Amino acid sequence: MVRFQRTLAVPVWVEGFGYWSDRDIRVVFQPAEENTGVVFVRDDLPGKPRIPVSPERCVEIPHRTALAVGSAHVEMVEHALAALMGMAVDNCEIHVDAAEMPGLDGSALAFAQAFVRAGFVEQGSRIRPLAIATPFRLGEGDDRWMTAAPGTGALELSFTLRYVEPPSIGCQSAAFVLSPERFLREIAPCRTFVTLREAEQIQASGLAKRATYRDILVFADDGPMENTLRFPNECARHKILDLLGDLALVGRPVVGRIHGYCSGHDWNVRLVRHLLRE
């Protein structure tokens, strides 16, 4: 399926604080010319370095996706990128005044809603999706793996996760055929989650001091602490959100079926690199 490229009609911004840095952050999404793709601009650094969204720019930081050009980097970019991918925005400059993206409520909803407010413009050039042509599997035995296969003209994403501890997460699955309407309604609202033990370890290391149980889903044995789920399988849905954000590294839409089993950002990036090699 070949369609015309899209960008935002007008600039729009989102403000919040970073989960890891505790800093107040402002992100401005600006329309971009055809064939620009998605690029971050560090307005707070000398020369305003530009950081293109591509797997070659990925650097490893625990629990989140990060990109770098030289000493300039951006991190926790997956939710903003998922919103762009989910709302079919192909060209965009993301101007930031810090390295970290705002955590907001742990979902991509505020980003997606901002794009709806800005509106969309269809551009003159066409964009051809990357169509998965050959089935393949990546993984470590039966514990963590991903599969990809040809589809029927759309992007079909599914995910299964299994938690023994805490039992309140347990085994969950989710599956979607992607469209902007479905993304906005059923994927974008799904929030980041951690176990209570993970949250305590993160804060003991001096990070995420500003985040509360209202800012991120923290699971104890009997469920999320001081919070309420938006969907019974919200954790599995959020994993699909993260996967979609990491698929933005491809640089164009993807067509096919992708399934993740207990995988994370590291496997998502491996999947992207495999797709681009093939």
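Mentor: Gladly, and keep in mind that this is a predicted model. Let's start with His-238, which is buried, with a relative accessible area of 2%. The cut-off for that word is under 20%.

Trainee: Where is His-238 found?

Mentor: His-238 sits in helix α5.

Trainee: And which residues is His-238 in contact with, leaving aside its neighbours within four places in sequence?

Mentor: Those contacts are His-79, Gly-106, Cys-190, Arg-191 and Thr-192.

Trainee: How do I describe two helices that pack together?

Mentor: The general idea is to give the angle between their axes and the distance between the axes.

Trainee: Which residues of α1 and α5 make the contact?

Mentor: From α1 come Glu-78, His-79, Leu-81, Ala-82, Met-85 and Gly-86, while α5 supplies His-238, Leu-241, Asp-242, Leu-244, Gly-245, Asp-246 and Leu-247. Sorted by class, this contact has 6 nonpolar, 4 polar and 3 charged residues.

Trainee: At what angle do the axes of α5 and α6 cross?

Mentor: Helix α5 (residues 234-247) and helix α6 (residues 265-277) cross at roughly 40°, and their axes come within 9 Å. α5 and α6 are therefore oblique to each other. The crossing of this pair is right-handed. On the α5 side the contact is made by Asp-242, Leu-243, Asp-246 and Leu-247; on the α6 side, by His-265, Asn-268, Leu-271, Val-272 and Leu-275. By class, the residues of this contact are 5 nonpolar, 2 polar and 2 charged.

Trainee: Let's turn to strands. How should I read their pairing?

Mentor: In general, strands of a sheet pair through backbone hydrogen bonds, either parallel or antiparallel. Here, an open sheet of 5 strands runs in the order β2-β3-β9-β4-β5, with mixed pairing. Its edge strands are β2 (12-17) and β5 (50-52), each of which pairs on one side only. From one strand to the next, the twist averages 20°.

Trainee: How many bridges join β4 to β5?

Mentor: There are 3 bridges between strand β4 (residues 38-42) and β5, and the two run antiparallel. Val-41 stands opposite Arg-50 in β5.

Trainee: Which helix packs on the sheet, touching β2 and β3?

Mentor: That is helix α2 (residues 109-118), whose direction makes about 160° with that of β2. The buried residues of α2 are Leu-109, Phe-111, Ala-112, Ala-114, Phe-115 and Ala-118. These buried residues pack against several elements, including β1 (3-8), β10 (120-127) and α3 (180-187). After α2 comes Gly-119, with a positive phi near 85°.

Trainee: Is strand β14 mostly covered or exposed?

Mentor: Covered, for the most part: 7 of the 8 residues in β14 (residues 155-162) are buried.

Trainee: In which sense does β14 pair with β19, and in which with β15?

Mentor: With strand β19 (residues 254-261), β14 pairs in the parallel sense over 6 bridges. With strand β15 (residues 171-177), β14 pairs in the antiparallel sense over 7 bridges.

Key:
Residues are numbered from 1 along each chain as its sequence is written. This is a predicted model: local features need pLDDT of at least 70, side-chain atom pairs count only at pLDDT 80 or more; totals for chains, interfaces and linings use all residues. Side-chain values use heavy atoms; hydrogens and water are left out. Axes are lines fitted to C-alpha atoms, for helices over the stretch in contact, and angles run from 0 to 180 degrees between N-to-C directions. Helices (H or I, at least four residues) and strands (E, at least two) are DSSP runs, numbered from the N terminus. Angles under 35 degrees count as roughly parallel, over 145 as roughly antiparallel, 65 to 115 as roughly perpendicular and the rest as oblique. A crossing is left-handed if the near helix is turned anticlockwise from the far one by less than a right angle, and right-handed if clockwise. Contact means heavy atoms within 4.5 Å. Ala, Val, Leu, Ile, Met, Phe, Trp, Tyr, Cys and Pro count as nonpolar, Asp, Glu, Lys and Arg as charged, and the others, Gly among them, as polar. Two strands pair if DSSP finds at least two bridges between them. Buried means under 20% relative accessible area, exposed over 50%, partly exposed in between (1.4 Å probe, protein chains only).
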